[in-house]
Amino acid sequence: MSMMTGKQYRESLSKLKPEIYYMGERIESVITHPAFTPHVNAAALTYDMALAPEFEELLSTKSHLTGEKINRFTHIHQNHDDLVKKVKMLRALGQQTGSCFQRCVGFDALNATYSVTYDMDKKLGTKYHEQFSSLLKEIQSTDIMISGAMTDPKGDRRLSPSQQKDPDLYVHIVEKRDDGIVVSGAKAHITGAVNSHGHLVMPTSAMKKEDADYAVCFYVPVDATGALHIFGRQTNDTRKCDCFLDQGNAEYGIVGGEALIVFDRAFIPWKHVFMCGEFDFAYELVERFATFHRQNYGGCKAGLSDALIGATYALAQVQGTDRASHVRDKIVEMVHLTETLYCCSIACSCQGYAMPAGCYMADPLLANVTKLNVTRHIYEIARLAQDITGGILATAPAESDWKDPKIGKYVDKYMKGIAEIPAETRIRLIRLLEAMTCGTALAESMHGAGSPQAQRIMIERRANLERKKRLAEKLAKIGDQPKLVY
Amino acid sequence: MSPKRKPRKVAIKYCGCCNSYVNLSEIACHLVGMEKRHGDFVLVPFSEDKIDVVIILCGCPRACGNKEEFKSRAKHHLLVAGESVNGRATPQEHLIETAQEELENTLNIQNSPSSRH
């Protein structure tokens, strides 16, 4: 098998038996449970769109390992065009789902691990890259979905991994055996974890010698013994079970579907271990993964914003405010902010560069700027959407009241905007706007791919302030004056 | 006694220097000093014919100067791209000596002084 369809993806998930818990229950199937189906649907679109003629140019490509046609989400970037196409693909998917489609995290984890294992082997004489390339070939040929699991629960943030009272607050090696390693700990906020086929687990921060047991990178199947998943709550999540229209985006949900993955003495065979104590490479892996993941946000969030702007504009028409100059101006501002984010993602892709492994990486400084802008602009775009929508965003009656034989006629009558458009249209748009701007989706823009301070730290590291100082000194005629040569 | 070898032609080509992370001028100045000390090579304009080595100086890892059009102007090329020399990670403070070593290896020059000036 090479590229799967969405249907085949769902079928492949139904063959797995991962240990998943939600709201106090063990979940038997993510395919049929209403809390999970939107997330499965969104991920399934990454399969179907790769085979659709309209989108195949973005969502599929050729493997540099086998020459076979593969889904781009399993690809290792080979040039600038790959980096740019990644961003365009994410925007196209965001437009179609209006939500997170989850698969970029594993994609970024694959790319970061590919280049770091190469560098490790060159310096240390290890065999990680060869092992990782074998797994990559398998992932490409089977087209399975991989989650990227980086963030540990972290416990007391003042303490390093090895200083924590509870050693499990960071994923760590508890035993090294002839056939592999045994790990314990947890990874938090892992997008798409419950509907992936496996997890690529990476360290979460720079490590010192005393943290060597925490410098660990490995692949683990979702249904491995010793791995369990606790699915997180989202804003209005009970609406998935008791209504349709009030969900706003019933097909694809409001975020990616995040879970806490717990490893309780999970066994990892050596062939799936890609870092085991090489603490001085932990930061490299973190930085490269973060760069790839922050590169994304001006793509996918621009796609989501396209849908949000469309909903806002359509609602303004339904409410008869679309010709008001201040509404038009606010919509223009939403477009401006959206395209600014897209510019950032395209720019960090175009400014990307080749790594020693031969693969390509986005520019880290610009990728961090991209994500930092997302933590602000998406909030502003949402604020403007809420401004134009009006207070009804927070007070609209329930779908069940609209359908009620006795009072439904009042809901219908008083929810109407302009006479020619049915109340249902207005209600649907309001609910979509509510889903996209009120709650978990915004927090995802703030903290997904790292909190704003993480971006600021990386921006400062790469700001090259000394060079900027020299530029100023040259203009102000301070000290030795550099000359241009040649 | 072997006849004195004709100095090889070395040219420098910059990426364009839109936003250099490193001080490329410093590297170029050092190469000018090397030329005077050695006599094994002569720095020529990039437009010259039959160049032996082209040193492509790029201010950041994007390496905009790393293109076939430039590389094909000479028999050999040496690439500085931000904090790397020929793809090898090199901190800014070691860029000059590493670039010098790479040039010496390419030209087969032995025992040259590596001090900055």
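This is a predicted model: local features need pLDDT of at least 70, side-chain atom pairs count only at pLDDT 80 or more; totals for chains, interfaces and linings use all residues.
1. Helix α9 covers residues 325-350 of chain A. The angle between α8(A) and α9(A) is about 165°, and their axes lie 8 Å apart. Angles over 145 degrees count as roughly antiparallel, so α8(A) and α9(A) are roughly antiparallel to each other.

2. The crossing of α4(A) with α8(A) is right-handed. On the α4(A) side, the contact is made by Val87(A), Lys88(A), Leu90(A), Arg91(A), Ala92(A), Leu93(A), Gly94(A) and Gln95(A). The residues contributed by α8(A) include Gln295(A), Asn296(A), Gly298(A), Gly299(A), Cys300(A), Ala302(A), Gly303(A) and Leu304(A).

3. The largest nonpolar core. This core has 136 residues. The residues with the most contacts inside it are Met202(A), Val216(A), Phe218(A), Ile261(A), Leu285(A) and Phe289(A). Helix α8 (residues 282-319) of chain A supplies the largest share of the core, 15 residues. Another core, of 30 residues, lies apart from it; among its members are Leu24(B), Ala28(B), Ile55(B) and Ile96(B).

4. The open sheet of chain A. In which order do the 4 strands of the open sheet lie? The order is β5-β8-β9-β12 in chain A, with mixed pairing. The edge strands, each pairing on one side only, are β5 (146-149) and β12 (273-276) of chain A. On average, neighbouring strands of this sheet are turned by 20° against each other, direction ignored. Helix α6 (residues 128-142) of chain A packs on the sheet and touches β5, β9 and β12 of chain A. The direction of α6 makes about 145° with that of β12(A).

5. Strand β9 and its residues. Strand β9 (residues 216-221) of chain A runs antiparallel to β12(A), and 3 bridges join the two. Val216(A) stands opposite Cys276(A) in β12(A); Val216(A) is also among the residues with the most contacts inside the largest core. Phe218(A) is another of that group. Leaving aside neighbours within four places in sequence, Phe218(A) is in contact with Val201(A), Ile268(A), His272(A), Val273(A) and Phe274(A).

6. Chain B. How many helices and strands does chain B have? Chain B contains 3 helices and 6 strands, which run β-α-β-β-α-β-β-β-α from the N terminus on. Of the 117 residues of chain B, 38% count as buried. Among contacts in chain B between residues at least 6 apart in sequence, 59% join residues at least 24 apart.

7. Is Leu471(A) buried or exposed? Leu471(A) has 10 C-beta neighbours inside 10 Å. A residue is exposed if the number is 12 or fewer, so Leu471(A) counts as exposed. Leu471(A) belongs to helix α17 (residues 465-475) of chain A. Pro482(A) is 11 residues from Leu471(A) along the chain, and the C-alpha atoms of the two are separated by 9.3 Å.

Key: Residues are numbered from 1 along each chain as its sequence is written. Chains are lettered from A and ligands numbered from 1 in the order in which they are written. Two strands pair if DSSP finds at least two bridges between them. Axes are lines fitted to C-alpha atoms, for helices over the stretch in contact, and angles run from 0 to 180 degrees between N-to-C directions. Two residues are in contact if their C-beta atoms, placed from the backbone, lie within 7 Å. A nonpolar core is a set of buried Ala, Val, Leu, Ile, Met, Phe, Trp, Tyr and Cys residues joined through C-beta atoms within 7 Å. A residue is buried if 20 or more other C-beta atoms lie within 10 Å of its own, exposed if 12 or fewer, and partly exposed in between; C-beta atoms are placed from the backbone. Angles under 35 degrees count as roughly parallel, over 145 as roughly antiparallel, 65 to 115 as roughly perpendicular and the rest as oblique. A crossing is left-handed if the near helix is turned anticlockwise from the far one by less than a right angle, and right-handed if clockwise.
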